[in-house]
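Here is a brief report on how two chains meet and pack. Keep the structure open while reading.

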Amino acid sequence: MTAISRWDDRDVGALAHVVRHGRRGHALTPPVLEDLRRVVEADYVALLERLEHAGQNDRVTVVTPSHPETGTEAASVWSHVWASEICDAEDSDGGCPADHVHRADVANVAGDRHPLAKSRIMLAPMRTPLGQARLAVIRHYRDFDERDQLLFALLRPHLSAAYRRGAERRTAGKSLTARQRTVLQLVARGWSNDEIARALLVSTGTVRKHLDNAYRQLGVSSRAAAVARAFPDGLDSAVGLRLAVGVGRADAVTGRC
Amino acid sequence: MQSPDDADEAELRALRHLTQSVPLDTRSLDELGHLIPAAGIVQFELDAERSRVTMRGMPRGYDDSFQQTFWSAFWACEPCSYPDTSSDRESITTLSDFYTPAQLKRTRMYRLFDQLLDFEHAMTVVLPSHAGTEARVMFFRQGRDFDERHRLTLALLRPHLVSAYQRSVERRRVAGTLTRRQREVLHLVARGFSNDQIAKHLFLSSGTVRKHLDNVFRQLKVSSRAAAVARAFPTGVPATGAGARVPLPRQSRQYLAG
């Protein structure tokens, strides 16, 4: 990576793309990984995911200059990356401090004959409540210098923000039923179970059951945590609901007086 | 004039510092200057109620009348109140996003700061804390405005600066949880007293003093007397703190005189 003052328009565009993805909580898609690959001048970038919640297989997204590919079958090739030592510090970004960016010499782990044995790797661990991921930036021959490592450290919170929010959205969106989401949206507005029951014309027991199920699916144990998990990007996604239940809420409030 | 190599080295040093887990301090502001050239870099800190502002990097102090002028100008100044009114604390903004140069010069905020530093352009990054306080790092310039490269650099640095600011806030919070007695002991440590001397001043055994200090060290996560003082009084040792009010018994006056 060149000095900031020598960044060209393509560098600026690629970096801005990564920052934008982090801000908006878009997932780490192959185009963003390709931008990352270009600015750190890597031969390829691999995103390894191990999502625990649904017993899913490891998933690998590999991005090379020629073609991006995704698959589960390639995961075995990457098993040593999981085995490699990496810092466990849990800072606010779910990663390690910059001086712990790990550069694993694959040969130590997987032996000289391994396809990655001569490669140099910078790794960033990414944790979500739903599983773990490791982002690997790989060069075949030339080692990463300090500037490359610092740029990677600089980018890491943006990359993990994108990854975390993308993963949360993907999982939360899939696993909840429409009714569970409706209940959670009302919970998010501070309604009690009784109020929700009246608004949705169901019994309090049913509301409690919906919430129990939602908690289990989201892997949480409190109302607040369930809301935070189900709507990682805030409640704007719930706007449409306001009209549908507005009347019920008014009734519920009147009934209490 | 710096050679390109020196500038490169300074940039690397700055990146190294700013991506490490350190609190936001005067050095951080200096290092930021190597990445984003500016005539002045000022760290503002707004309290949670938006009623006090403190500044680091300013040539002059900020008394009550300054506070009054500042806050009456604050809500009328669009770029100043934008993070609060829009809840957008992530965007890096410049004054020119909001005002033409002529409009800027008509604002009360400009007239207030024009007396303190010469500037035409400014770029701001907002750093929230969990406590509701907020730091803003502002880069000031004459001549050419900040461009998209500067904005991008600051956007890249922002998560690191947010963490650094939150670490500072946390350290201050922990320093605030010390008991009155612990602070008294630390005041005397700051004045260079030994444990024995402190024990005599406060009518304690030196074992008790040691125990107080042990607890302080643990709470502040430090391992030396000097570090404890620095951490407990981040803005300097107050002249009339809790400890200073304790009347010194006669033999300690002798110590001081001797």
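This is a predicted model: local features need pLDDT of at least 70, side-chain atom pairs count only at pLDDT 80 or more; totals for chains, interfaces and linings use all residues.

Residues are numbered from 1 along each chain as its sequence is written, while chains are lettered from A and ligands numbered from 1 in the order in which they are written.

**Interface.** 22 residues of chain A are in contact (C-beta atoms, placed from the backbone, within 7 Å) with 20 residues of chain B. On the chain A side, helices H1 (9-24) and H5 (146-175) each supply at least two residues. H5(A) gives the largest share, 8 residues.

**Helix pair.** In chain B, H8 (residues 180-190) and H11 (residues 225-232) pack at about 115 degrees, with axes 10 Å apart. Axes are lines fitted to C-alpha atoms over the stretch in contact, and angles run from 0 to 180 degrees between N-to-C directions. The table lists the residues that make this contact.

| Helix | Contact residues |
|---|---|
| H8(B) | Leu186(B), Val189(B), Ala190(B) |
| H11(B) | Arg225(B), Ala228(B), Val229(B), Ala232(B) |

**Cores.** A nonpolar core joins buried Ala, Val, Leu, Ile, Met, Phe, Trp, Tyr and Cys residues through C-beta atoms within 7 Å; buried means 20 or more other C-beta atoms within 10 Å of a residue's own. The largest has 75 residues, and those with the most contacts inside it include Leu36(A), Leu159(A) and Leu161(B). H5(A) gives the most to this core, 11 residues. A second, separate core of 15 residues includes Val187(A) and Ala226(A).

Notes: Two residues are in contact if their C-beta atoms, placed from the backbone, lie within 7 Å. Helices (H or I, at least four residues) and strands (E, at least two) are DSSP runs, numbered from the N terminus. A residue is buried if 20 or more other C-beta atoms lie within 10 Å of its own, exposed if 12 or fewer, and partly exposed in between; C-beta atoms are placed from the backbone.
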